[in-house]
Amino acid sequence: MAVSLPVSSYFSAIFIISRLMSIVGISKHWNIMNISSKLSVPPLDVADKLSVDPSAVESASRDFGHIAKSVPKAVLHPSSVQDIATLVKFSYDSSVPFTVAAKGHGHSVRGQAMAENGVVVDMASMKKHRNGTGIRVSSDGLYADVGGEQLWFDVLNATLKHGVAPVSWTDYLYLTVGGTLSNAGISGQTFRFGPQISNVYEMDVITGKAEIVTCSPKKNSELFYAVLGGLGQFGIITRARIPLEPAPKRVKWVRMLYKDFSGFTRDQELLVSINGRRDRNALDYVEGSLLMDQGSPDNWRSSFFPPKDHKRITSLITNHGIIYCLEVVKHHNDQSEDTLDKEMRQLLKGLSYMPGFMFEKDVLYAEFLNRVESGEVKLRSKGLWDVPHPWLNLFVPKSQIADFNDGVFKGIVLKRNITKGPVLVYPMNRQKWDDRMSAVIPDEEIFYAVGFLLSSGFDDREAFDDQNEEILQFCDEAGIRVKQYLPHFTSRDAWIHHFGSKWETFQQRKHQFDPKMLLSPGQRIFN
Ligand code: FAD
């Protein structure tokens, strides 16, 4: 479809097109007139925002994982939603389309936000141009309109100023809204409020056809459900409307230790069974982790245990090999110590943790939510943050979690004894997820998130990859029906197996919203 442009815009369009063509390597004999005549969106000044600067390209070729490397032809630093749409439109209309990957904060670990020979959209650039409108809290405080490029840390601070906050979080807040909504966004609140993808009212999305579409459960619902958990395959999220609730002031934060896995999971499952959004008897956060012989019972996810208790916790770990740590939180608003204690005692009544091994803290709500940052600062100061992260995240059905403990935690992880970094294990409820969304979870009402959030050196990563491989192979052979979270596969068959009954829909949606397979090539599903 041709558009008529004023003469000055026409020449600027020709200039931009030539620049784009040369950057993405479209051959010279290509007819520029043909391309511009097909543009239905007048090209704005995107050429100026495309960078081939070596440092920009290098940074777009890396991520938190320090494992994958894919070099793009250029990086777009957009200053508006229209800039991104113009870029996608240009590729879509081209007879030699190039791929486009939105990069949130680059906290993927296997190159998911990269685009080999394509263009990486540096979403962070949008922040500078939002003029303070990147996070807007509604006048009634019931929701916030948030740019896809915004960090959850900034969402927290902006909403707290109004005495409100989202209810579903990730453990770490320096992740973007667009990045976590493309996966799921899980943490200890998920059992009660669902993942972050279950807490979105509507979104603005740029599809692979460069259409800018507002979608919600009522409007363009197919796109809405496709994008949530859609691994960036269907569109670039430029705005999400997130529900808010009154924010608590403080949290009571408790950890309890177990030597026995069955007692640990029985208690976790009991606690997550009380999960009504408005249920006053429900906890606000339930997680769990393994404590293994790593020097200190604390790790980068949070310093928690009082230093005076480190010695006796460490000797417990030495005696048992693995200790299981149940972690819970209850929000409060400056209740008296007495009332709070009574309430907590009631909530934790009958749990079977080891006597003498319950630890508690009372901290500000924001301090609790941002608990990982201090660990990051410490690791950065020791040069241990920007190292390889061969992470493996799995969802394990409840009926098979005991076999997983025997075969994986005790059988593989303990024996190999290379685990450096947190290992999380906590249950969530399927009913809090929405099966129309693209995210993939096990087919059981309760399932566990298990995260091996390991760091390796640059020289010894292979041993960690081998461990991950052994874990997946064991599950396969033992018939443990795990699903990967933040999935990474290298073959089409593995992706088809991962999506299972959702594959047909996933593929149809790809043809509908990104028929030229332009978006998020780093996931390696269609590219
Ligand atoms: P990126 O890594 O930049 O992008 C991820 C994918 O989303 C890519 O495919 C990219 O193309 C696509 N994408 C990015 N922005 C957009 C957009 N606006 N629209 C459409 N697609 C987009 N996850 C949890 O669920 N819970 C946790 O507690 C948690 N903790 C973490 C802690 C740390 C230290 C780290 C490094 C990661 C953690 N994660 C957690 C994983 C995190 O959710 C993923 O890494 C996710 O990809 C978000 O990172 P990002 O914003 O940097 O996105």
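## Stop 1: Gln112 and its neighbours

Select Gln112 and display what surrounds it: leaving out residues up to four places away in sequence, Gln112 touches Asp63, Leu486, Pro487, His488, Gly522 and Gln523, where contact means heavy atoms within 4.5 Å. This is a predicted model, in which local features need pLDDT of at least 70, side-chain atom pairs count only at pLDDT 80 or more, and totals for chains, interfaces and linings use all residues. Residues are numbered from 1 along each chain as its sequence is written, and side-chain values use heavy atoms, with hydrogens and water left out.

Gln112 is found in the loop between S3 and strand S4 (119–122). Helices (H or I, at least four residues) and strands (E, at least two) are DSSP runs, numbered from the N terminus. Is Gln112 buried or exposed? With a relative accessible area of 9%, Gln112 is buried; the cut-offs are under 20% relative accessible area for buried and over 50% for exposed, with partly exposed in between (1.4 Å probe, protein chains only).

## Stop 2

Now colour S1, S2, S3 and S4. They form an open sheet in the order S1-S2-S4-S3, and the pairing is mixed; two strands pair if DSSP finds at least two bridges between them. At the edges are strand S1 (50–51) and strand S3 (100–103), each pairing on one side only. S1 joins strand S2 (residues 74–76) in the antiparallel sense over two bridges. Zoom in on Leu50 to find Leu76 of S2 opposite.

## Stop 3: the sheet of five strands

Next, select S5, S6, S8, S9 and S10. This open sheet of five strands has the order S5-S6-S10-S8-S9, with antiparallel pairing. Strand S5 (135–137) and strand S9 (212–215) stand at the edges with a single partner strand each, so one side of each is left without a neighbour in the sheet. On average, neighbouring strands of this sheet are turned by 15° against each other, direction ignored; the axes behind such angles are lines fitted to C-alpha atoms (for helices, over the stretch in contact), and angles run from 0 to 180 degrees between N-to-C directions.

Follow the sheet from S5. S5 and S6 form a hairpin with five residues between them, and Gly141 in the turn has a positive phi of about 70°. Three bridges pair S5 with S6 in the antiparallel sense, and Ile135 stands opposite Val146 in S6. S6 is mostly covered, with four of its five residues buried.

Which residue of S10 is the bridge partner of Val146? It is Ala240. S6 and S10 run antiparallel and are joined by five bridges. Ala240 also has Met203 opposite, where strand S8 (residues 202–207) and strand S10 (residues 235–243) pair over six bridges.

Then show helix H6 (residues 152–160), which lies across S5, strand S6 (143–147) and S10, running at about 30° to S5.

## Stop 4: two helices

Select helix H17 (residues 492–499) and helix H18 (residues 503–513). They pack at an angle of about 115°, with their axes 8 Å apart. That makes H17 roughly perpendicular to H18, since angles under 35 degrees count as roughly parallel, over 145 as roughly antiparallel, 65 to 115 as roughly perpendicular and the rest as oblique. Show side chains: Arg492, Trp495, Ile496 and Phe499 in H17 meet Trp503, Phe506 and Gln507 in H18.

## Stop 5: aromatic rings

Phe506 counts as buried at 2% relative accessibility, as does Phe526 at 13%. Ring pairs link Phe234, Phe489, Trp495, Phe499, Trp503, Phe506 and Phe526 into a cluster.

Conventions: Rings of Phe, Tyr and Trp (its six-membered ring) pair if their centres lie within 6.5 Å; planes under 30 degrees apart count as stacked, over 60 as edge-to-face and the rest as tilted.
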